[in-house]
Amino acid sequence: MKTFCGRANPTTGSMEWLEEGEDYDYHQEIARSRYADMLHDKDRNVKYYQGIRAAVGRVKERGEKAIVLDIGTGTGLLSMMAASAGADFCYAIEVFKPMANAAVKIVEKNGFSDKIKVINKHSTEVTVGPEGDMQCRANILVTELFDTELIGEGALPTYEHAHKYLVQEGCEAVPHRATVYVQLVESKRMWSWKKLFPVHVEAEDGEKILVPPSEMENCPGVPSVCDIQLNQMPSSDFTTLSDVVTMFSVDFSKPVQSASTYYRVQLEPVKSGKAQIVLSWWDIDMDPSGMINCTMAPYWVKPTSALQWRDHWMQCVYFLPNEEPVLQGEKLYLTACRDEYSVWYNLQKAREGENKADEEEHKADVCVESPVCRCRAHLLWNRPRFGELNDQNRTRQYIESLRKVLKTDSVCLCISDGSLLPVLAHYLGAKQPSRIGLYHPHELWQAFFKANHLEDKIKIIEARPELLKPSHLEDKKISVLVGEPFFTTSLLPWHNLYFWYARTAVSAHLASNVTVLPQSASLHMMIVEFQDLWRIRSPCGICEGFDVQTMDDMIKDSLNFRESKEAEPHPLWEYPCKSLSDPQEVLTFDFTKTVPQHCLSTEGSVNLSRKGKSHGAVLWMEYHLAADISVSTGLMQISNEKGNCEWNPHCKQAVYFFSSVIESEILSDPTAVTYAINFDTKTGEIAMDFKL
C-alpha cells in the first residue's frame, strides 16, 4: 500500500502530494507523536497511578473482581498500573497498529502478558461476550483521550459508546470527572490574532488609514481552538476582567451524552474593560472525592504550586464574536456551546430588571451554531499571521524601506500571499501597484479595496509567476519587485524562499535597473539549551517503575527513518531556551540575482560560549529590506547575561534536535559544534548535519 503525504514545495510555493513507501506514514506519526512528552509528565502519571490504585481498591472492597477497560492505551502504561495495583484482568484498546504492537512488547517485557490483552481496534468496534474481544463488561474504565480542549479528540462519543456497550452500570472511572474553567480577559495582544487593526501610513499628502472591511470586522472567525502555553504569556499582556468560574463538568462514571448542548454561567466583572477573550483550561479528579487532582491551571491561578510542564495539554484561548465593553459589577451571562469535538463562547448582558422568565427567554437566544468565517480572511491568515500584520513596528520597517525605493512612476509588483504591501506602495506614491500571489480570495480583496476606495488603484493579477505575460503589466517593465515574503504553504522558515523562485520566474518582465525588496535573505543558526521542549524528543526509559524503552527505540527509529534528520517548526516564544553560542549567519540568498543552478552549501563550527546542555540548533531567516533595515523571523534579542532568548512571536522557528544530547550531558560538555548545511536549489529544501 502506498501513502500520499502533503509536503510544501518551496520551488513552486504549493502543497504537493508525494508518494511514500508503506512505512512512511507510521514513521511520521510516531516521530512527531507526543508519547515521549506524556511519559515525561510526572504529575499526570503519578495521579493516574494513585487514581487507578484507589479504583481497584474500591472494587475489591465490594468483593468483586477488578476488570479494567483501558481505551487508547498507547504504551500500555495505564493497564500495567492497573495490573500491578491488583486488577484481575485488563483489556487495553489501541487503534493505531504500530502503537498496539509496541504495547504488546512493553506489556510482555514487564511481565503482564497474562493480565493484559491488547486489542488493536477502535473501541466502537470492540465486541463483548464468550466469543468476543472482551469476555465480559468491565467495572473499571480507564482512559486518556483528552486534548487541550478536553473533547477535541472525541472523548465524549467514545465514553458514550463505552457506557452503552463495554462497561457495567455504576462502574468506577479514572479519571472520575473533568471540570472546565473560564476567565474573561481583555488583551490587545491576543485580540490581534483575530482582528485586523487599522494601519496608519504617513504619506506625502497627509496620514492615510487603511481600514478592514465591515465583513471582516463583524466576522466570528473560525471555530478551531487556539491552544497555547499560557504560562509564557506575561501578565502585562492581558487584564483579567472576571474571577475564574466553573463552566461545566463531565462525570465519566455515569453515561455521557455527546449531543450538542450549551452551558451558561452568570458573571460579574471585577474590573471594567473590553471583554474580548475567554481563557479556558480544565482539571481532572482521579477519584470521586476530588482528592487526587491534575490541573492545567496557568501560573496566576495557582501561584504557590509548582507548575508541571507539558505540551500535550496546554490552555485554550477563545475569541468572543465581538468586543464587548463591560462594567465592573454588572450582570453578564457567558455561554459555552459545544458539539462532539469543539467549544465556542458567547457573552450577553443581563437586561434591566430581569427575572427568571426573562432568563429562560434569554436561553432561547443562545447561538448553538458553530462560528463560520464569512469574510475569508480567517481562512487565508492563521492567528500568528493576523498578529504579524498587526505588528506596527514590523509594518513601519516595510513602510520606511518602500519609501526609499518608490518613485511616482514606479511599476510595482508584489509577490506574497495576502499581503498589505501593494496598498502601502500605493499610499507611498506608486501609481498602480499589481500583486500576484498563490492564494487570493477575490471577494476578500474586493471588499478591502472598496472599504478604502482603492477599487481602481491596485490590480490583482490572477496568474502564477511563470505564466505572467507582458499584457498583465500593460507592456511595462517592473521597476520595483516587493515581497514580505510570506506564503501560506510555508512550514519551515526557508520555505518562504519561494519568493526567490518567483522572482526568477518573472525575470523577463523586470527592468534592467529593477529594485528587489527584500534585496537578500540570510539563514541564521544558534545552539540552545531548552528549559523543557527537549522532553518531546527525550527517551524515557523507566516510567513509574515500568520499562517503556521499546517506545524510546520506536521514536528513535522513526526519527532516523529519513536519511537526514529534519528540522521541525516550533513557535519558540512558547518554549523558553537559552543560547549556548552566539547567533551565526550560515547562508545568504541574493534576490537581485536569479536562483543559481548549483546547490548552496556551507560547513563550519560554532563555539559554545555558555555552559549547558546542547539540546539542539535553532534556525531562522532574516530578510534585508534596505541597507540598514532587516526583519528577523527568529531571534529578536538575547535578553540577559544568562542567555535567555526573545523570539519573533508571529513565526515558527526551525528546531533541529541533536540525537546525542544524552551523551553530551554525561561527557564534559563539548566546546564547539560542527555543522554542514546544504540548500538544494532544485527542491528548495535544506539538509543539515551537526556533530558535537
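## Briefing: strands, rings and buried spots

Strand S19 (residues 343-349) is mostly covered, with six of its seven residues buried (buried means under 20% relative accessible area, exposed over 50% and partly exposed in between, using a 1.4 Å probe and protein chains only). Keep in mind that this is a predicted model, where local features need pLDDT of at least 70, side-chain atom pairs count only at pLDDT 80 or more, and totals for chains, interfaces and linings use all residues. Residues are numbered from 1 along each chain as its sequence is written, and side-chain values use heavy atoms, with hydrogens and water left out. Helices (H or I, at least four residues) and strands (E, at least two) are DSSP runs, numbered from the N terminus.

**Around S19**

- Strand S18 (residues 332-338) runs antiparallel to S19, and seven bridges join them; two strands count as paired if DSSP finds at least two bridges between them.
- The link from S18 to S19 is a hairpin through four residues.
- Across this pair, Arg338 stands opposite Val343 in S19.
- Residues 176-347 are 5% helix and 46% strand, and the end C-alpha atoms of the span lie 30 Å apart.

**The parallel sheet**

- Five strands make up an open sheet, in the order S5-S4-S3-S6-S7, with parallel pairing.
- Strand S5 (116-119) and strand S7 (167-174) each have a single partner strand, so one side of each is left without a neighbour in the sheet.
- From one strand to the next, the twist averages 25° (axes are lines fitted to C-alpha atoms, for helices over the stretch in contact, and angles run from 0 to 180 degrees between N-to-C directions).
- Strand S3 (residues 67-71) and strand S4 (residues 89-93) run parallel and are joined by five bridges, with Ile67 partnered by Phe89 in S4.
- Helix H4 (residues 77-84) lies across S3, S4, S5 and strand S6 (138-143), at about 175° to S4; contact means heavy atoms within 4.5 Å.
- Gly76 is found in the loop between S3 and H4, and counts as buried at 0% relative accessibility.
- Gly76 and Val548 are 472 residues apart along the chain, but their C-alpha atoms are separated by 9.1 Å.

**Rings**

- There are 28 aromatic pairs in the structure (rings of Phe, Tyr and Trp, the last by its six-membered ring, pair if their centres lie within 6.5 Å; planes under 30 degrees apart are stacked, over 60 edge-to-face and the rest tilted).
- One of them joins Tyr656 and Phe690, whose centres are 4.9 Å apart with planes at 55°, so the pair is tilted.
- Tyr656 belongs to strand S36 (residues 653-657) and Phe690 to strand S38 (residues 685-691), so the pair ties together parts 34 residues apart in sequence.
- Tyr656 is buried at 6% relative accessible area, and Phe690 is buried at 11%.
- Phe146, Tyr159, Phe252, Trp282 and Trp313 form one aromatic cluster.
- Arg53 lies over the face of Tyr49, at 3.8 Å from the ring centre.

**Helix H14**

- Leu444, Trp445, Ala447, Phe448 and Phe449 are buried in helix H14 (residues 442-451).

How values were computed: Lys NZ or Arg CZ within 6 Å of the ring centre and 35° of its normal.
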